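Dear colleague,

A short account of the findings comes after it.

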Amino acid sequence: GGYAQALRRAGHDVLDIPLPGNQVSNVEAVRATLPSIETLNSCDCILSLYHEYAQLWLAAVYGYEAWGRLKVPVIARFDESMDRADLGLPARVPELMRWASYHSFPAIQDAKKFGGQWLPYGADTLMFRPPEREALNAPSSIEGEAKTYDLAFIGSLYPIRAAYLQQLAENLDNTITFRCGSVGVQTLDGMKEPESTRLLAEEYGKIKVFFCLPPMSRLIVAKVFDAMACGAFMMYPRLPGAA
């Protein structure tokens with residue numbers, strides 16, 4: 001919900017249309033909750049966020065013929081770089097592009113290759129910011145604050161990251177503790193927001209050096225900006241080529 005909240009704070013009226021996940025399922029039930037093409041045409045524009053995932057839902061719920069009746073611009077905001085073969089993205093690019101009027105890529109090499117715009121992520125500084133000081137004369141959270149974790153990473157440990165971490169561990173001496181894991185608030189109904197985001201920001205603020213393990217996409221992931229906004233020093237693996 002971060003995009004919708006940020007747009008509302010900027011003064012826009014937002015019709016927020018959440019989709020239930022990355023995998024398309026239970027289409028009829030989802031279709032019943034989504035607005036009609038006519039309702040969408042009453043908006044100034046449509047933002048298709050995480051477009052490589054959302055487009056699959058758009059195809060299943062609306063179909064391209066109905067989607068083609070839209071008279072307002074559709075702006076696609078991708079989340080991954082287009083080299084993600086595990087998601088089938090290299091072959092899906094032409095189909096993904098035709099579902100939107102404008103295309104925003106977080107990977108600069110994709111913007112150059114496919115003729116879109118490169119707009120890097122930023123941090124929502126209402127949610128991600130240094131911890132508030134109890135006293136006005138207390139030291140800055142960025143300069144001089146005692147951190148709980150000297151070296152840490154917060155995120156998913158998928159295989160490429162686990163392999164990198166194993167190689168890294170061989171080069172660390174016994175005086176260094178590298179903390180790694182996920183942060184969130186979860187109930188039987190799933191992850192809770194905004195509680196999870198507030199806790200994540202709090203943990204970012206406790207980290208002295210955030211050592212970002214390599215992502216599967218060739219880009220600067222959003223957590224980089226979020227962690228730095230909370231006062232963590234960032235180390236990031238060098239990306240290849242134009243990335």
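Predicted model: local features only at pLDDT ≥ 70, side-chain atom pairs only at ≥ 80, totals over all residues.

The largest nonpolar core comprises 29 residues. Within this core, Phe128, Phe178, Tyr204, Ile207, Phe210 and Cys212 are the residues that touch the most other members. Two or more residues each are contributed by strand 5 (149-154), helix 8 (159-169), helix 9 (195-204), strand 9 (207-211) and helix 10 (222-229). Strand 5 supplies the largest share, namely five residues.

Leaving aside residues up to four places away in sequence, Cys212 touches Phe153, Val221, Lys223, Val224, Met234, Met235, Tyr236 and Pro237. Another core, of 25 residues, lies apart from the largest one, and its members include Ile37, Met82, Leu89 and Ala100. As general background, nonpolar side chains tend to be buried together in soluble globular proteins.

The second topic is the pairing of helix 4 (residues 51-61) with helix 6 (residues 89-97). The axes of helix 4 and helix 6 come within 11 Å and cross at roughly 60 degrees; the two helices are therefore oblique to each other. Their crossing is left-handed. On the side of helix 4, the contact is made by His51, Glu52, Gln55 and Leu56, and on the side of helix 6 by Leu89, Arg92, Glu95 and Leu96. By class, the residues of this contact are three nonpolar, two polar and three charged.

Yours sincerely

Methods: Residues numbered from 1 in each chain as written. Heavy atoms only, no water. Core = buried A, V, L, I, M, F, W, Y, C linked by side-chain atoms within 4.5 Å. Buried < 20%, exposed > 50% of the residue type's maximum accessible area, 1.4 Å probe, protein only. Helix = DSSP H or I, 4+ residues; strand = E, 2+ residues; numbered from the N terminus. Contact = heavy atoms within 4.5 Å. Axes fitted to C-alpha atoms, helices over the stretch in contact; angles between N-to-C directions. Parallel < 35°, antiparallel > 145°, perpendicular 65-115°, else oblique. Left-handed = near helix turned anticlockwise from the far one by under 90°. Nonpolar A, V, L, I, M, F, W, Y, C, P; charged D, E, K, R; others polar.
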